[in-house]
Amino acid sequence: MARRRVGYHTEVDEPVQTPVAHEADPAPRSGIRAVFTRYRRAWLIAAGALVFVLLGSGAVFAGTQTGAAEPAAAFVAPSPAAMPLPTPTIDPVRPVPAEATAASRLRTCSVAALAADARLADFQAQVVNANTGEVLFDRGGTTSSRTASVMKVLTSAAALNVLGSDYRATTRVVKGAEPGQVVLVGGGDLTLSRLPTGQEPFYTGAAHLDDLATQTRVAWAADPTNPPITSLVLDASYFSGPDWDEGWARTELGLGAMPEITALMVDGDRDDPTRSTSARSEDPIARAGQAFADALGGGLSISQATAPAGTVQLGAVQSAPVSTLIQQSLIVSDNTIAEMLARLVAIENGAGNSFSALQQGIVGGLAAYGIDTTGMIIKDGSGLSPHNAVSPAYLTALFLKVNAREGNLGVLFDGLPIAGGPRGSLSYSDRFAGANSAADGAVFAKTGWIDTGYTLAGVIRAADGTPLTFAIYAIGNVSSNAKIAIDTLTTGLFHCGDNLSNN
């Protein structure tokens, strides 16, 4: 029976039923111990409920935050067998160059200030070490542009490959289709001279018309059935027209820089056969015909036609060899010989006999040198046309072979003007003057000039002994002082040599 105290009195409660012990309890509990046990259980139950509430709230809160519609599933620890093994981390293989890169030389000699000269206008250039083939300096070197007379270098190289250094152009006389008729057949020798044998024309070593006339008279007289010679036919069909390139200024004819291009002419059609620059005529074929008629004795009727096939040859004379013609063309930049060689190259390699054949003829003639001709445009053989296009890089590559005298190219090198030399276009008073004379004797190069461009390309024997091949273009709005800027830059290249920087 339980008692409780009220005030100072003790009240007696009804008897309390002792709870039945669980299997976990070894014996029933009673009294104070039983009370304590009940309170302890109640506390544990309350604590457990609190933990459940807190866990449940956290799960609900987490679900609210992640947008989950369902309560989080109860955590079930995976069995050891189901746990994935960690993936091993492998460092990526670092790329390794196939060959070790050689250290490049730091070059410190700059010509940037010289190259920035406004007189050079739209400037392009390339410089190559001829010993190693390394490009030392480049400004637009792969862009094809007008070459001016530097084109004569390409024409000469093509001629040496296609024609060979010993080739000679032949002018012939044959019997005509009518009695008393002879035919003068032009073979593309534009250097044939009307001056008497023994008197040298501008083209030293040229054939003479009077020699051809003498051969003709002797051969004609050898056949007693021949009547006197009364008519002369002129055959210039070896070249086809037009005779003047559309890109050439017609004023060049009167200024004496260029003749009309025909297969039959004398002295480059000059008024004065002894001068480099002399006015040309409107009809070079007629001039040559009259000169030959006079050499035969005069009084002949003159006409133009094609010689009959299979007829008898009465005489023939030949030009100087290609090796001589190239040097005559390069040293003073003679346009006439350059056009002569270009046309003969095109004919010899089957491209044709007109201006339109020169693209195939010259480019095909250069193919043997193994240099990429992509982007090359050939309109003439002399460079007078502003529509020609050749890159400085092509020229530096070609001059590597010229400098090495590959094949017949030594002939070309020997024809290049030399700065401060005894003759040629680099010996003039306005070239390599003043401080630029430091490069005298060391620059072997072809000059070029048209109204919209000045050029210079060739070989430099630099001050440090390094051979350099180079090409410089000053294109666009230029004047004659561009030559000074080009010479000054070239002298800078001479001083720098292999220490030339591209900066």
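Guide: Let's start with the term itself: on a 1 Å grid over the protein atoms alone, a pocket is an open set of points with protein on both sides within 12 Å along at least five of seven lines, whereas a cavity is a set where a 1.4 Å probe fits but cannot get out; lining residues have an atom within 4 Å of a point. Points are joined across faces, edges and corners, and volume means the space filled by probe spheres set on them. Keep in mind that this is a predicted model, where local features need pLDDT of at least 70 and side-chain atom pairs count only at pLDDT 80 or more, while totals for chains, interfaces and linings use all residues. Residues are numbered from 1 along each chain as its sequence is written, and side-chain values use heavy atoms, with hydrogens and water left out.

On that basis, the largest pocket holds about 900 Å³ of space. Its lining has 34 residues, and Ser149, Ala257, Ser333, Asn335 and Trp449 lie nearest the centre. By class you get 12 nonpolar, 12 polar and 10 charged residues (nonpolar: Ala, Val, Leu, Ile, Met, Phe, Trp, Tyr, Cys and Pro; charged: Asp, Glu, Lys and Arg; polar: the others, Gly among them). Domain 1 (111-164 + 353-499) and domain 2 (170-320) each give the lining at least three residues, with bounds from an automatic or database domain assignment. Strand E10 (443-450) and helix H5 (251-255) each supply at least two, and E10 gives the most, with five. Those labels are DSSP runs numbered from the N terminus: helices are H or I with at least four residues, strands E with at least two.

Asn335, one of the residues nearest the pocket centre, is also among the buried residues of H8. Buried is under 20% relative accessible area, exposed over 50%, partly exposed in between (1.4 Å probe, protein chains only). H8 is mostly covered, with 12 of its 14 residues buried. The expected span of a helix is 1.5 Å times one less than its residue count; for H8 (residues 335-348) that gives 20 Å, and the end C-alpha atoms are 20 Å apart, so the two agree.

Now the disulfide, a pair of cysteine sulfur atoms within 2.5 Å. Cys109 and Cys496 form one, with sulfurs 1.9 Å apart. Cys109 is in the loop between H1 (31-66) and H2 (112-115) and Cys496 in H12 (residues 482-496), so the pair ties together parts 387 residues apart in sequence.
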